[in-house]
Amino acid sequence: MASPAATQKPVRNVRELTVSELAFAIKGTIEDAFGHVRLRAEISGYRGPHSSGHCYFTLKDEKAKIDAVVWKGIFNALRFKPEEGLEVIVTGKVTTYPGSSKYQIVIESLEPAGAGALMALLEERKRKLAAEGLFADERKKKLPFLPRVVGIITSPTGAVIRDMLHGFNERYPTRVLVWPVRVQGETSAAEVAAAIRGFNALPQDGVIPRPDLLIVARGGGSLEDLWGFNEEIVVRAAADSRIPLISAVGHETDWTLIDLAADARAPTPTKAAEWAVPKRSELIERVLDHGTRLRQAIRRGVEADRGRLSGLARALPSLHDLVALPRQRLDATSARLPRALYANTQAHANRFTRTSARLQPRLIGIRIARARDRLDTLARFSRQGLRRVAEARRARLDRTSVRLQPQALLMEVRRGRKRAAELSGRLEGAIGGLIEGRRRLLLAQGQMLGSLSYQSVLKRGFAILRSEAGAMVRSAVAVGPGERLDIELADGHVRARSEGPPAAAPEPLPGQIRRPTAKGGTGGQGSLF
């Protein structure tokens, strides 16, 4: 028995659709039916922005999942960026992607699903940055004792800056540079990070002085309000700052990641101003106290040195006792000095006498005679050596001259002349053959050029039609009535004038072939160029 599907006749009056028409119809139906929706789901498969700037990932729960897209402009404006495994609440438009027959949601806003999700994200980010060493104690810099310039990064319109300036004026008036930023909102993190890097980029002796200390300040608020100070860009800028930085964000119970990366964390912005500079009255009191203590210490030191000097002076012997022994030694030495000088003179005289006895002219003459005999011996040996070398060179010259006979040279010349004649004959034959081959090639190419030139075509009865300007006429439409023409034949040129377009040629009979005319029509010879 046949099934109902097999016996049912196909419907033939339904309009045929293309795949694109069907896909876009489904797309319109889904967008009209759902429009904007709000989903609570977990982010999965997030790998960061694509090279185009768009983001593609998946939203899922325990039973289903849906593809999600965040366009580049929306992604840059998001307050919270997507994170793998983060539970979020998104708002967007449900649509389809016809290229792969998938439905997806185009996200327009994204926020964590409650404070628990924010704390989980904060803890995860804290562990990641701590693993990179951004919170290490060895990175912390010591705060300057008395900074000349203090840079403050905060909102210029809030109560925080007023309280801090009031604290500076009360404690120790100093120069303050304020870099205005938004301390809450989507652009807060980027502005704070740019301010930190901007202060660090100032030159030491520029028009705007470089601060000796930075303070990032903001009043208290909820976790969402302070979230800009938990962004990686802010934390990395604080950790990379070469200028010591105090974090004064929120109240004492609030904490953010910039507190861990900063060199010091103040419980309140007012306390940060107190940490930045000492109190002027306390400094004056401390200087006065140090001056009093210094004078007392100097006085006690002088008294102690005076007492010690007196004790040492009593232990020293008198001046007479100190010089008595050297004076006695001087007297004894002066008494022995005349005898010692006389004995020294006698010793030198005796040594001079002994030396002068050895300096006789006869001894010098003997040494000169010995040197002359040695020089004569060396001269005799030199003459004998030169004679032997000259005889050896003369014998070698005689042996060489025997081999240099005219007959041997003539034989070499004859052999060379014969070899040159042979090579000259071979060269003439090779050049003649090369010239003959080139002549045959030239004649063949000349014949081919003549057969392919248009003059040979003209000799077969064809003609070239040119306008008065010399341009070649390829179509009858291009020739107007009364226009002068030049007709080139095989034996010369003929001047002519156009009388207008030709009459329409009759339609060819069935089976008859219409021949093209010279002007692009039918019935005549067409142009070959």
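Accessible areas here come from the Shrake-Rupley method with a 1.4 Å probe. With that in place, I looked up the surface of this predicted model. I found that the chain exposes about 37300 Å², and that carbon and sulfur atoms supply 58% of this area.

**Entry: overall dimensions.** I compared the radius of gyration with that of a compact globule of 529 residues. The globule would have a value near 24 Å, whereas the chain has 58 Å. I then took the box along the principal axes, which the C-alpha atoms fill at roughly 165 × 120 × 75 Å. I noted that buried residues account for 26% of the 529 residues.

**Entry: secondary structure and contacts.** I recorded 14 helices and 13 strands for the chain. I next considered contacts between residues at least 6 apart in sequence, and 60% of these join residues at least 24 apart.

**Entry: charge.** I counted 85 positive and 56 negative side chains. The centres of the two sets lie 19 Å apart.

**Entry: nonpolar cores.** I looked up the largest nonpolar core and found 55 residues in it. Phe57, Leu59 and Val216 are the residues with the most contacts inside this core. Helix H6, residues 188-201, supplies the largest share of the core, with six residues. I also noted a second, separate core of 17 residues, with Phe168, Ala248, Ala264 and Ala276 among them.

**Entry: phenylalanine 57.** I listed the contacts of phenylalanine 57, leaving aside its neighbours within four places in sequence. Its partners include Ile43, Ser44, Gly45 and Tyr46. I also found Ile66, Asp67, Ala68 and Val70 in contact with phenylalanine 57, together with Pro82 and Ile107.

**Entry: serine 101.** I located serine 101 in the loop between strand E4 (87-97) and strand E5 (102-112). Most residues other than glycine have a negative phi. I noted that serine 101, although not a glycine, has a positive phi of about 55°. Its relative accessible area is 72%, so I classed serine 101 as exposed, the cut-off being over 50%.

**Entry: arginine 300.** I placed arginine 300 in helix H10, residues 280-315. Arginine 300 counts as exposed because its relative accessibility is 54% and the cut-off is over 50%.

Conventions
Residues are numbered from 1 along each chain as its sequence is written. This is a predicted model: local features need pLDDT of at least 70, side-chain atom pairs count only at pLDDT 80 or more; totals for chains, interfaces and linings use all residues. Side-chain values use heavy atoms; hydrogens and water are left out. A nonpolar core is a set of buried Ala, Val, Leu, Ile, Met, Phe, Trp, Tyr and Cys residues joined through side-chain atoms within 4.5 Å. Buried means under 20% relative accessible area, exposed over 50%, partly exposed in between (1.4 Å probe, protein chains only). Helices (H or I, at least four residues) and strands (E, at least two) are DSSP runs, numbered from the N terminus. Contact means heavy atoms within 4.5 Å. The radius of gyration is taken over C-alpha atoms; the globule rule is 2.2 Å times the number of residues to the power 0.38. Lys and Arg count as positive and Asp and Glu as negative; His and the chain ends are not counted. The place of a charge is taken as NZ of Lys, CZ of Arg, CG of Asp or CD of Glu.
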